[in-house]
Amino acid sequence: MDLITSNEALAAFCQRAAKFDFVTVDTEFLRETTYWPKLCLIQAATDDEAVLIDPLAPTLDLAPFVVLLDNPNVVKVFHAARQDIEIFVKMTGRVPANIYDTQIAASVCGYGDSASYDSLVRAITDVSLDKSSRFTDWAARPLTEKQRTYALADVTYLREIYRALKDQVEATHRTEWVDDELSLLRRLDTYVVEPERAWIRLKLKINRPRDLAALQRLAEWRERRAQELDQPRSRIFKDDVLYELAVQRPQTPDAFDKLRAVPRGFGRSSAAAELMTLLKEVETLAKNELPALPERYRGPSPKGAVGDLVRVLLKSVAEEHGVAARIIATSDEIDALVLDDEADVPALRGWRRKLFGEKALAIKHGRIGLVATRKGIVEFPVEPLVT
């Protein structure tokens, strides 16, 4: 289990791998103290070999592996692919071609919403993995024999899992379901956070347009600073600090130092000076330059009886078809559906609409009802009320 540390060995492996229909891929990385993940190890396997690639080797050029990632004729199989792909997007500026995520496939095959790799290994291959090396220091060299064994297992058993799940997906005619979920992973903007859009991930606790304008600019400032310094967002400011700054909008060093959210003396730092400039600009915005607050629904709560019935329907449909409920619809999507028949949510498009969305709308408008039986939840038509 020697690491690939030379360009010749890596190029030779990638040439061999390009002849196969698929290659399984995994990574080990560190991210606790950085904004960007630090790639420490790449694992890859074909039908007849598995390798460890050392990206920390001083002279290793990963270009041959990038060519393999870009090869549309070879399926790149990951499990819970998002963070692995984010690493390659940062490296190359693009998403690997022809990707497949076994966690997504497992979710439509009845293995639960976010099936772990070791649970799938156990269920499909009847092997229990030793996961004790998961949180070891992957940047340290040399890697121990135990680390290498652990790392290789993440791609060797993945071959069997991929075949089993792919066969099951095709046998149940759910390829479209998997493709729908993979479409998000194939989009570049899934992995690239634009600083000016950073505020969108925040849960809004804002009631005034000027406060929202401040929050948008503060979130953008934090995102840019985190990226430039390669530090986690929370190391710059936690979300609660952004909210307090957005509402209070301190204009002087003394005003900064009176806030509980920032450390004493912060008001005289260079960062505070940048923020004061930013917040003063917010104060000068005319009313017609302020962002509009999201419209708030004033009708019946989606958390009420209708929402409850739709959630019961979702659970019933998920159990009937052996698929994770969250793949069909999330709680937020159910809320949106209850509020709006034409909500722009996956639950009202494609296969999800046929499976669940149409029935959910029928429940909402009183066209079908639900009854509990010994065999589970049963739907029944409801006669329209005559008034």
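Modeller: Helix axes are lines fitted to C-alpha atoms over the stretch in contact, and angles between their N-to-C directions run from 0 to 180 degrees; the helices themselves are DSSP runs (H or I, at least four residues), numbered from the N terminus. The model is predicted, with local features needing pLDDT of at least 70 and side-chain atom pairs pLDDT 80 or more, while totals for chains, interfaces and linings use all residues. Residues are numbered from 1 along each chain as its sequence is written, and side-chain values use heavy atoms, without hydrogens or water.

Helix α8, residues 209–229, packs with helix α12, residues 270–284, at an angle of about 150°, their axes lying 10 Å apart. The pair is therefore roughly antiparallel (an angle over 145 degrees), and α8 passes α12 in a right-handed crossing (the near helix is turned clockwise from the far one by less than a right angle). On the α8 side, the contact (heavy atoms within 4.5 Å) is made by R210, A213, A214, R217, L218, W221 and R225, and these meet A271, E274, L275, L278, L279, V282, E283 and T284 of α12. By class, this α8 and α12 contact has 9 nonpolar, 1 polar and 5 charged residues.

Helix α1 (residues 7–17) and helix α2 (residues 63–70) have axes that come within 8 Å and cross at roughly 15°, which means that α1 is roughly parallel to α2 (under 35 degrees). Here L10, A11, C14 and A17 of α1 touch P64, F65 and L68 of α2, and the residues of this contact divide into 7 nonpolar, no polar and no charged.

Terms used. Helix = DSSP H or I, 4+ residues; strand = E, 2+ residues; numbered from the N terminus. Parallel < 35°, antiparallel > 145°, perpendicular 65-115°, else oblique. Nonpolar A, V, L, I, M, F, W, Y, C, P; charged D, E, K, R; others polar.
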